[in-house]
Amino acid sequence: MSSSDQKPIYVTKSFIPPIEEYQKNVDRAFKKEWLTNRGELVLELEHKLQDYLGVNQITLHTNGTLPIQIALKALGIHKEVITTPFSYVATTSAIIWEGAKPVFADIDEEHWTIDPKRIEEKITENTQAILATHVFGNPCDIETIEEIALKHGLIVIYDAAHSFGVNYKGESLFNYGHVSTCSFHATKLFHTAEGGASFCNDEKLKHQLFYHHNFGHNGAEEFHGLGINSKMSELQAAMGLTVLPHMEMILSKREAVSKRYEELLSNVEITFIKWRKGATRNYSYFPVLFPSHQIMTQVKEALEKNKIFPRRYFYPSLNKLPYLDHLVTMPVAEDIADRILCLPLSHNISGFDVDRIIEIIIKEML
């Protein structure tokens, strides 16, 4: 098959469930004539996700960024937030959008999560919170972050956008921190086409997060306080209820692809992320680190010539965003962002295509 005949292969691909299965769930909403405002599909999805994930509670949202913004608002965060430069832009933009100031602490060279040793040196009298990302679902150094937060009286929010299904030391990764958030965007392992969730084990705070996400409502005619609209619709929930039964298949196929990459690239000068001890993996992405920017670019261009599109994820390092009021240097994050590629990984990428990707990488690195 010539390259002109090949279909493009992207870094990820949404799982599209059988249309008739989705239609059955949509029909339920149509028969009820209830499309939003926490109908039966949203309530059912919340309960099923609680059971699947092993969490005490969950609030569903219309996307994965609003839960971070609402957490910052609910917790009164308006000064400095220590955060990671190695994440998707939403982590930093949410802080700025809520009127707070991101203060970057560099990442550790092996796990690529925020380095606790760098956190403490950034704390000032204005520091209110730590907003850390479980990178590609790889947990942060939770215990050390918790110790620092307790010592200094700080809030901990985890951007766990990539962490669906990950357990740490026997329980859901979402159970850590004052608040954890997740994305259910169409490109994620589990998705609702667009959506997200927040998790909180404190009943009082959970109640506050809940009414913030629904205009502040307390019933139809009263209000607890300030709120915005972050509710998930019934049509989004219908997609989630359709995708959820397929999760074991999705995970097993992505695991098989990841292990093939690891096996056949093990003798090439490539570095894999070091997974946190005590954590399960969900195979949400397959990031690889090349020995130099030049080699990464060379490999990327060779793949793209063959209609294969990896992604420089995460790039750029967030401390370089153009709208920051001051620029700082983050040597580790900048170096990793300069050399990283996420290779194509999905539930239905073929063994032939995986082998082709590996063959191109190896050829370019010889």
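Which side chain does a polar contact of 2.4 Å join to that of Asn319? In this predicted model, in which local features need pLDDT of at least 70, side-chain atom pairs count only at pLDDT 80 or more, and totals for chains, interfaces and linings use all residues, the partner is Ser317, a polar contact being a pair of N or O atoms within 3.5 Å of which, within protein, one must be able to donate a hydrogen and the other to accept it, with residues adjacent in sequence counted only if both atoms are side-chain atoms. Residues are numbered from 1 along each chain as its sequence is written, and side-chain values use heavy atoms, with hydrogens and water left out.

Asn319 is placed in the loop between β15 (308–309) and α11 (331–339), where helices (H or I, at least four residues) and strands (E, at least two) are DSSP runs numbered from the N terminus. With a relative accessibility of 0%, Asn319 counts as buried, a term that stands for under 20% relative accessible area, whereas exposed stands for over 50% and partly exposed for values in between (1.4 Å probe, protein chains only). A polar atom of the Asn319 side chain also lies 2.8 Å from the backbone oxygen of Val328. When residues up to four places away in sequence are not counted, Asn319 touches Pro85, Phe104, Leu324, Leu327, Val328, Thr329, Met330 and Glu334, contact being defined by heavy atoms within 4.5 Å.

His178 is found in the loop between β8 (171–172) and β9 (179–183) and, at 34% relative accessibility, counts as partly exposed. Leaving aside residues up to four places away in sequence, the contacts of His178 are Leu154, Ile155, Val156, Phe199, Cys200 and Leu205.

Aromatic pairs were assigned to rings of Phe, Tyr and Trp (its six-membered ring) with centres within 6.5 Å, planes under 30 degrees apart counting as stacked, over 60 as edge-to-face and the rest as tilted. By this rule the count comes to 17 aromatic pairs. One of them is stacked, that of Tyr52 and Phe164, because the ring centres lie 5.7 Å apart and the planes are at 20°. This pair links distant parts of the chain, with Tyr52 in helix α2 (residues 40–53) and Phe164 in the loop between β6 (155–159) and β7 (167–168), 112 residues apart. Tyr52 is partly exposed, at a relative accessible area of 29%, whereas Phe164 is buried, at 4%. The pair of Tyr313 and Phe314, by contrast, is tilted, since the ring centres are 4.5 Å apart and the planes are at 40°.

Grid points are joined across faces, edges and corners, and a volume is the space filled by probe spheres set on the points. The largest pocket holds about 430 Å³ of space and is lined by 25 residues, of which Tyr88, Ser183, His185, Lys188 and Tyr313 lie nearest its centre. The second largest pocket has a volume of about 310 Å³ and a lining of 15 residues, with Lys7, Pro8, Ile9, Lys13 and Asp353 nearest its centre. The elements that give two or more residues to this lining are β1 (9–10) and α12 (351–365), and α12 provides the largest share, 3 residues.

A search of the whole structure finds 2 cavities of 30 Å³ or more. The largest cavity has a volume of about 60 Å³, and of the 13 residues that line it, Ala161, His162, Lys188, Leu189 and Ser284 are the closest to its centre. The second largest cavity holds about 50 Å³ of space, and its lining includes Lys13, Lys188, Leu189, Arg254 and His347.

Technical notes: On a 1 Å grid over the protein atoms alone, a cavity is a set of points where a 1.4 Å probe fits but cannot get out, and a pocket is an open set with protein on both sides within 12 Å along at least five of seven lines; lining residues have an atom within 4 Å of a point.
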